[in-house]
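I opened this notebook to keep track of what I looked up in the structure, one topic at a time. The entries begin with the chain as a whole and then turn to pairs of side chains.

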Amino acid sequence: SGAALPSIMTALLCDLLIDANRINPEKLTFDLQTELILAASSSILSSFALQSHFDVGVHISVRLLLTHVHKNNNDRVIYNIAEILDHHWPKTDAETKGLIGLVQSLVERGSRPIADSCESLANCRHRHYISIDQPTNATFWLLRGMECISHLPSNKSSENGTVYKGTCFRNLVALCNDSIDLVLESLIKYSSSERNETNKIEDMSNDKNEEVLVQRMKNANDIITSITDDQSTNLVQQEPPIILLQHVVQIGFGILKCDDKEAARNIISCIKDKSIICEVDDNDMQGGPITTLAHPLSHIMFLSLSYDILLKEKMIASSSDEELTNDLPITESAFDVEGIHILLARFTQLYSPEYGLSCAHFEHHKAPLFAESEMRNALCNGLMRAFVSENESRRTIYDQHVSEEDFSSTSHFGRIHDTDHSLKLILGPSM
């Protein structure tokens, strides 16, 4: 139709004349075949655009150019295909899958422009699903873009472990980080409201906070599920933002279910020091720089959640109500001694003059404030309960061990174990 049919027929006629040796391309000063095939492709796009069938025009134009690429492996045609795909916004998932499937062979042959174009198509679907608040489908298409990039031969044959990850990977990291910030903000509001004295108006506000928290946690959990259940999960499952999002979701579940130990364990996992393993050669792995899973600027948010847990423990431990103390005895603590030490280290760092964060970062995240002295008091009381809890657990394990090895005192083995028992009592923990 329009200019498309004549241009296509001209390109076809040129191919027939060249095959019949009526035209010798070597005697020409320019690439006649390429010029005619590109003109035909442009005519197809213009013709279908006038009829508002952009998707059909793009599909036919790409298929036409692919025949020339497979025949002559012309770089101009490859870049023209990439330009067509870069300027196209697919409206359906089926259309996107079809276009990516058409050019997949070029990606496997090492064409970086085509791989970037496939990423562009996947990003279009990602942005569409983000606009309608469907993180599951948005994550799916980001993984499809990463999958296209992974098919590049340079990524498959990389010996030093460095691969080109592309824009879809960066968008996935940004999606996870945004979800982490939203969940942490809601968690702080919900957790802090539990320790404040409430009235009727505050109760309504708390219900709203819980509703927002549940929705944000559902979105975050959907992102994690989409990643872990996907066939390309091996591309991102060890990335720090993905692991951090999993811990943050577990913190949320622990707080909502009143499982303070689960919440505390995941809080410590987010802010404790760890060494990045670096590969020196094929058979040698050495420790690299020391870092934390969560960014240092977000440590104060995890401290706020820890403060609420510690304050809750202190209130329960000091309560005279037997029903409450039976649920959480004084000797139990959500944080162990190592966990309290990590909290103390992060608290000292964040409130030191070199960091200069203090309470200003709380206001940035709209989080509730707490006095520095109150936090220190809560950490000290938490350390006391952690020591008591650890000693109690060691005593219980030791008593069980002694009861299992309680032989007759008249036997030779019994006398040996009596001596060991006395020695363990001397070296054992004191209450």
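**Entry 1, the whole chain.** I began with burial, and I found that buried residues make up 40% of the 431 residues in the protein chain. I kept in mind while reading this value that the model is a predicted one. When I looked up the secondary structure, I found 18 helices and two strands in the protein chain. For the surface, I noted an accessible area of about 24,000 Å², of which 54% belongs to carbon and sulfur atoms.

I then asked what share of the contacts between residues at least 6 apart in sequence join residues at least 24 apart. The share I wrote down for the protein chain is 67%.

How many salt bridges does a search of the whole structure find? I noted twelve, and I looked up some of them in turn.

I saw that the side chains of glutamate 35 and arginine 76 meet in a salt bridge, with 2.7 Å from N to O. This pair links distant parts of the chain, since glutamate 35 belongs to helix α2 (residues 32–50) and arginine 76 to helix α4 (residues 75–86), 41 residues apart.

Arginine 125 lies in helix α6 (residues 112–131) and aspartate 93 in helix α5 (residues 93–108), so the pair ties together parts that are 32 residues apart in sequence. Is arginine 125 buried or exposed? I found a relative accessible area of 3%, and because buried means under 20%, arginine 125 counts as buried. Aspartate 93, at 26% relative accessibility, counts as partly exposed.

I recorded a salt bridge between lysine 312 and aspartate 260, whose closest N and O atoms are 3.5 Å apart. Lysine 312 is in helix α13 (residues 299–318) and aspartate 260 in helix α12 (residues 260–271), and the pair links distant parts of the chain, 52 residues apart. Lysine 312 counts as partly exposed at 31% relative accessibility, whereas aspartate 260 is buried at a relative accessible area of 12%.

Last, I looked up which residues are linked in a network of salt bridges, and I noted Arg144, Glu147 and Asp230.

Terms used
Residues numbered from 1 in each chain as written. Predicted model: local features only at pLDDT ≥ 70, side-chain atom pairs only at ≥ 80, totals over all residues. Heavy atoms only, no water. Helix = DSSP H or I, 4+ residues; strand = E, 2+ residues; numbered from the N terminus. Buried < 20%, exposed > 50% of the residue type's maximum accessible area, 1.4 Å probe, protein only. Contact = heavy atoms within 4.5 Å. Areas by Shrake-Rupley, 256 points an atom, 1.4 Å probe, with all protein chains shown as cover. Salt bridge = Lys/Arg side-chain N within 4 Å of Asp/Glu carboxyl O.
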